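User: I have the model open and would like to know what lies behind the words used to describe it. Could you take me through them one by one?

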Amino acid sequence: MKVASLAFQIDVFLARSLLEKLYLFQYPIRPASMTYDDVTHLSAKIKPKQQKVELEMAIDTLNPNYCRSKGEQIALNVDGTCTDETNTYSSKLMDKQTFCSSQAASNVSRYAAAVYRKGELHLTPLHGILQLRPSFTYLDKADAKHREREAANEGGDSSQDEAEDDVKQITVRFSRPETEQARQRRVQSYEFLQKRQAEEHWVHLHYYGLKDSRSEHERQYLFSQAHGLAENTELIKSPSEYLMMLMPPSVEEENDKPVAPSNVLSMAQLRTLPLADQIKILMKNVKVMPFANLMSLLGSGTDSTAVLRCIQQVAMLVQGNWVVKSDVLYPKDTSSPHSGVPAEVLCRGRDFVMWKFTQGRWVVRKEVAAVTKLCPEDVKDFLEHMSVARINKGWEFMLPYDEDFVKKHPDIVQRQHMLWMGIQAKLEKVYNLLKEHLTPKKQETQSGHPLVVSGEQRVNMAKARVKQNYGQLEKEFQKQKAELKANDASAKMDISKIRIKEEPVSDEEPMDTSVYDGLNNGVVNGLHAEEDSMDALNGHLPGGCSDRVAQELKAFVSSTFKKQFVLTLSELKRLFNLHLASLPPGHTLFSGISDKMLQDMVLDTGCKQILVPFPPQIAASPDELKVYALWEAGDTYDQHRQVLLEIFSKNYRVRRNVIQNQLSQECGEDVNKQEVDRVLKDCCVSYGGMWYLKGTVQS
């Protein structure tokens, strides 16, 4: 193409002969009057994959500015007094200098070398730009020599040399198979990257002077070999398009711009992002924040309903304040900078700390470390996110209890409470929490009110309230009965109209809803119950909505078993509570679902109860001993799963070879390993070389 100016036009050509071979080296030359061609190059080598170059250049030892005594001292420190081929300075004088390279720019696509000849400009794109700086590795070699001499002198001071060989005990260890997570951590480690870089072989280069015939031959490749436009179709473009090709927008600069505001980003830039991103960024940086402060940071005119919807995606409610979720701070496939523990374990440990703060204002660091088994640095990070250390007391939650938010948004508080109940059940199973861990400790001076009360306390409060109500009604009844005896027969009162409030009697086994009563003042599953609607709390559905509730419940059970295939009643109830927490307030499923209704619906959706012969010494609740499985899913593995479930109706735990043989007998000899793995993945878990049905392994 032609680049035009006011005075003349220049033909521009793109040379491709050295497209991926042309490098630009930048390094100092001393003295300043010396040119590049005057430098005596001793050797050069390169690692192409790393784009790393080492050059050795001769030092002019005859220059009057060269200190000969210092050069001799350096050579003596590096090589010592011996003379062999491994010496760095064979002339017993520091007569050369090594230069090592580093990349000056990661993206060199916008740079090119240009040669102008006879009114033509020829451009060759650069493959790399390397800056070479002096290397002082010879000092490391001198230090190593010095340490060797000191060790030899210390060894020679001994007055007696033992000729006998020392007997040393040898310990043989067998390494365990490396897991995938351990392999990923090893591959990403600094030592592994250094080792891989060191394994790349050096490629030795040959230097040719500026006037050498080989240099002149290579210089011709800087000119385009084909001047015809037909062979350079990419240059048939307008001047503006060609300049865009030659200097495209810097991808490096675009990547350097933060995709999310950092601590130094202005609030004006923050408010240009979507609302969900603003909330996520603020919570990730602040970590703990009251809702009122969050609204003030988002600016006037922001819809509080939209903020509440977004905040629940990235934070959890603790003592009326919002604390950022653990998976936001520790994304998947990351690890701890202190111990290398994967993100899943870190999230579980931080969730335990957050849950402890829902129980009270204070947390003891040693207790957290003993339960989570994490290193002290990780535990300290968790606590510093949301609390302040107090001398001789422990760690106190950093913000006071936000009563205003709890009073204004009871539906959000109820939903968050149900989410915490699900997290608590998971933590109990993972950490084997004892009773003292579950019961909040009483503090003498407590600046706030706990958000969550323990289940045992709620049950006791409910029983005391029932006894108190029953006693009052009994007194009123006795008083009215005494008045009836004193009055005339004409003033008799119909005793049948007086009804003593009692707990409803039902054959059904009610779901445990007392755990929510202490927090919500009578709110069960998000629905306020009236005094004369006690039936709804025990599984009796209000009139007119039973069909709709049954349809909703059936849809939940069906979708859950199609994903899980095997569930214990305890796990099913936990999943149902989490499902309720995700529903909007006033949903039909909040009318109250009993255990019997849930179990009947499981059987109605095509599932069967598997009577697993548990050992008598197993420590499990009755709900954990009830196992249900989807009998027919409508796919090609139904027969395989049915055979597998029949096996577990006779055995609590089974070896894989037994399952393989039984499947081969029942389903044919053509059962392959992939089919067995698929069935085991759907229904079982492996522990200690044995296979168990899901949810039946007790630690």
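**What the terms rest on**

User: What makes E22 and E23 a hairpin, and which residue in the turn has a positive phi?

Analyst: Two residues lie between E22 and E23 in this hairpin, and Gly-688 in the turn has a positive phi of about 65°. This is a predicted model, in which local features need pLDDT of at least 70 and side-chain atom pairs count only at pLDDT 80 or more, while totals for chains, interfaces and linings use all residues. Residues are numbered from 1 along each chain as its sequence is written, and side-chain values use heavy atoms, with hydrogens and water left out.

User: How do you know that strand E22 pairs with E23?

Analyst: Two strands pair if DSSP finds at least two bridges between them. Strand E22 (residues 684-687) has four bridges to E23, in the antiparallel sense, so the pair meets that definition. Within this pairing, Val-685 has Tyr-692 in E23 as its bridge partner. The names come from DSSP runs numbered from the N terminus: a helix is H or I with at least four residues, a strand is E with at least two. The protein has 27 helices and 23 strands.

User: Which residues of strand E23 point which way, and are they buried or exposed?

Analyst: In E23 (residues 690-693), Met-690 and Tyr-692 point one way, Trp-691 and Leu-693 point the other way, and all are buried. Buried means under 20% relative accessible area, exposed means over 50%, and partly exposed is in between (1.4 Å probe, protein chains only). Of the 699 residues of the protein, 35% count as buried.

User: Why is Cys-667 called buried?

Analyst: Its relative accessible area is 19%, so Cys-667 falls on the buried side of the cut-off. Cys-667 lies in helix H26 (residues 656-667). Apart from its neighbours within four places in sequence, Cys-667 is in contact (heavy atoms within 4.5 Å) with Gln-639, His-640 and Val-643.

User: What makes H25 oblique to H27?

Analyst: Two packed helices are described by the angle between their axes and the distance between the axes. Axes are lines fitted to C-alpha atoms, for helices over the stretch in contact, and angles run from 0 to 180 degrees between N-to-C directions. The axes of H25 (residues 638-648) and H27 (residues 673-683) come within 10 Å and cross at roughly 60°. That makes H25 oblique to H27, because under 35 degrees counts as roughly parallel, over 145 as roughly antiparallel, 65 to 115 as roughly perpendicular and the rest as oblique.

User: Which residues make the contact between H25 and H27, and how do they divide by class?

Analyst: H25 contributes His-640, Arg-641 and Leu-644, and H27 contributes Glu-675, Val-679, Leu-680, Asp-682 and Cys-683. By class, the contact of H25 with H27 has four nonpolar, one polar and three charged residues. Here Ala, Val, Leu, Ile, Met, Phe, Trp, Tyr, Cys and Pro count as nonpolar, Asp, Glu, Lys and Arg as charged, and the others, Gly among them, as polar.

User: Why are H22 and H23 called roughly perpendicular?

Analyst: H22 (residues 569-581) and H23 (residues 595-604) pack at an angle of about 105°, with their axes 12 Å apart. H22 and H23 are therefore roughly perpendicular to each other. Leu-569, Leu-572 and Lys-573 of H22 meet Asp-595, Leu-598, Gln-599 and Val-602 of H23. The residues of this contact divide into four nonpolar, one polar and two charged.

User: What makes E19 and E20 edge strands?

Analyst: They belong to an open sheet of three strands in the order E19-E21-E20, with antiparallel pairing. E19 (566-568) and E20 (607-610) each have a single partner strand, so one side of each is left without a neighbour in the sheet. Three bridges join E19 to the antiparallel strand E21 (residues 627-630), and Thr-568 has Val-627 in E21 as its bridge partner.

User: What sets Gln-319 and Asn-392 apart in phi, and is each buried or exposed?

Analyst: Most residues other than glycine have a negative phi. Gln-319 has a positive phi of about 55° although it is not a glycine, and Asn-392 has a positive phi of about 60°, also without being a glycine. Gln-319, in the loop between strands E12 (315-318) and E13 (321-324), is buried at 0% relative accessible area. Asn-392, in the loop between E15 and E16, is exposed at 80%.
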